[in-house]
Amino acid sequence: MPNTPPGPAPASQNARPFLHGPETAALTAALEAGQYGHSPLVEQFEQAVAAYLGVPQMVAVASGTAALHLALLAAGAGPGSEVVVPSQTYCATLHAILATGAHPRFIEINPRTLCIEDTAVRAALTDVTRAVVPVLYGGRAIDLSALHDELHARQITVVQDAAHAFGSRNPDHTLVGAQPDLLTCFSFGPIKNLTCGQGGGIIPRTPAEAATLRSLRALGIPQSQPERATATTYTVEQFGLRATMSALNAAIGLVQLQHFATAAARRKTLWRAYATGLQPFARVHLVDIDIDRTVPFNCVVHLPGGERDRVFAQMRGAGLGVGVHYPPNHTQPAFRPWHRPLPVTERSGRQLLSLPFHPGMTPADVPPVLAALAHSLPTEPPCAS
Ligand SMILES: Cc1ncc(COP(=O)(O)O)c(C=O)c1O
């Protein structure tokens, strides 16, 4: 039986973690084992995720942001280089790019999916482009295969931000992360499809890249803990960060992975209930996340022009956990030097509303949310409840 923590009504929060029960015992056991840093438990989690995805390796790190940062470093991003990225993402994607010393080159999205497409990527490539970061918004896979040969020839790496997309499938039905020619970064943060409490993971392209990432996440020291226990010194081979995943997080992630099918099914069922309930709304457009292939991270709508902020305030006032994911990044003060006009992103940034969405909700929680939405948009037909 699911063991979601007691708390407020499900729809009053935009998102929250979903526990299956055994996480508590697993966490207690990890606490009592007394090894809180990188440990065999972390390696067990890495192997379990790799087996789930059908890939040789996964490199666990401290967060999705760290996953992007290290993957971009491994791809060669750094001072003087550019990384092509949508503005429509969480600011973490941008901070990871800046942390390497590279600059972002913002591009437009398709407003129907909130995802980038190959034509916009191609138009943004320059002589200094080192990486392209497609953001798999809402969990939807992005197919850039039409650009594969050109990117390969220009030594540009695709580092996909799959923070939302654990468990989703590509157009060819392989799992996101299983494509051998690109680097995939997952977040295992508190509200992600698969949570460790906090954490991230990188799917490397080659064993050598895996070794580089393992060194980067551990202060540039390639020796394992057992190796270090039998030697009087260690080698700091290259620049590195303290970006290892804690065994406490891995303990949670291992349980979550065992029960992932349950959480994924609950997310899909809830998203489909919203899609059905939204059909009578003529002026509300659901972001298309390709539900048949996607494990949805969120449920986001475009509202009619100029009404989003009022609807947000009214629904929040009614105790419903609506949100906005995300305010565009190219207009943020921190990223102003790389601003360029992005009218599609700016318009959708004013229209987006995230409905309450997490696996602790069931289809029975949807009608009250949509009734409140209809109430805030008086020209809409009231939702059947
Ligand atoms: C699109 C996207 N990228 C990156 C991240 C960063 O992941 P983390 O919070 O695990 O650092 C997030 C987190 O919400 C995200 O939504």
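**Entry 1: helices α2 and α9**

I started with a pair of helices and noted that α2 passes α9 in a left-handed crossing. A reminder to myself: this is a predicted model.

Next I wanted to know which residues of α2 and α9 meet. On the α2 side I wrote down L41, V42, Q44, F45, A48, V49 and Y52. Facing them from α9 are A247, A250, A251, G253, L254 and L257. I sorted this contact by residue type and got 11 nonpolar, two polar and no charged residues.

**Entry 2: helices α3 and α4**

I moved on to α3, residues 64-74, and α4, residues 91-100. Which hand does the crossing of α3 and α4 have, left or right? I found that α3 goes past α4 in a right-handed crossing. The angle here is about 40°, and the axes are 8 Å apart.

From α3, I listed T65, L68, H69, L72 and L73 as the residues that touch α4. Their partners in α4 are A92, T93, A96, I97, A99 and T100. Sorting the α3 and α4 contact gave me seven nonpolar residues, four polar ones and no charged ones.

**Entry 3: around the ligand**

Then I turned to the ligand. How many residues are around the ligand, and which come nearest? I noted 16 residues, with G64, T65, D161, S187 and K192 coming nearest. By type, this shell splits into six nonpolar, eight polar and two charged residues.

I checked some side chains against the oxygen atoms of the ligand. For T65, an N or O atom of the side chain is 2.5 Å from a ligand oxygen. For H164, a polar side-chain atom lies 2.9 Å from an oxygen atom of the ligand. For Y326, I wrote down 3.0 Å between a polar side-chain atom and a ligand oxygen.

How much of the ligand's accessible area does the protein cover? On its own the ligand has 390 Å² of accessible area, and the protein covers 90% of it. I also asked which elements give two or more residues to the shell, and these are α3 and α4. The largest share comes from α3, with three residues.

**Entry 4: looking back**

My notes keep returning to α3: this helix packs against α4, and α3 also gives the ligand shell its largest share of residues.

Terms used
Residues are numbered from 1 along each chain as its sequence is written. This is a predicted model: local features need pLDDT of at least 70, side-chain atom pairs count only at pLDDT 80 or more; totals for chains, interfaces and linings use all residues. Side-chain values use heavy atoms; hydrogens and water are left out. Axes are lines fitted to C-alpha atoms, for helices over the stretch in contact, and angles run from 0 to 180 degrees between N-to-C directions. Helices (H or I, at least four residues) and strands (E, at least two) are DSSP runs, numbered from the N terminus. A crossing is left-handed if the near helix is turned anticlockwise from the far one by less than a right angle, and right-handed if clockwise. Contact means heavy atoms within 4.5 Å. Ala, Val, Leu, Ile, Met, Phe, Trp, Tyr, Cys and Pro count as nonpolar, Asp, Glu, Lys and Arg as charged, and the others, Gly among them, as polar. A residue is near a molecule or strand if one of its heavy atoms lies within 4 Å of it. A polar contact is a pair of N or O atoms within 3.5 Å; within protein, one must be able to donate a hydrogen and the other to accept it, and residues adjacent in sequence count only if both atoms are side-chain atoms. Accessible areas come from the Shrake-Rupley method with a 1.4 Å probe; for residues, only the protein chains shown count as cover.
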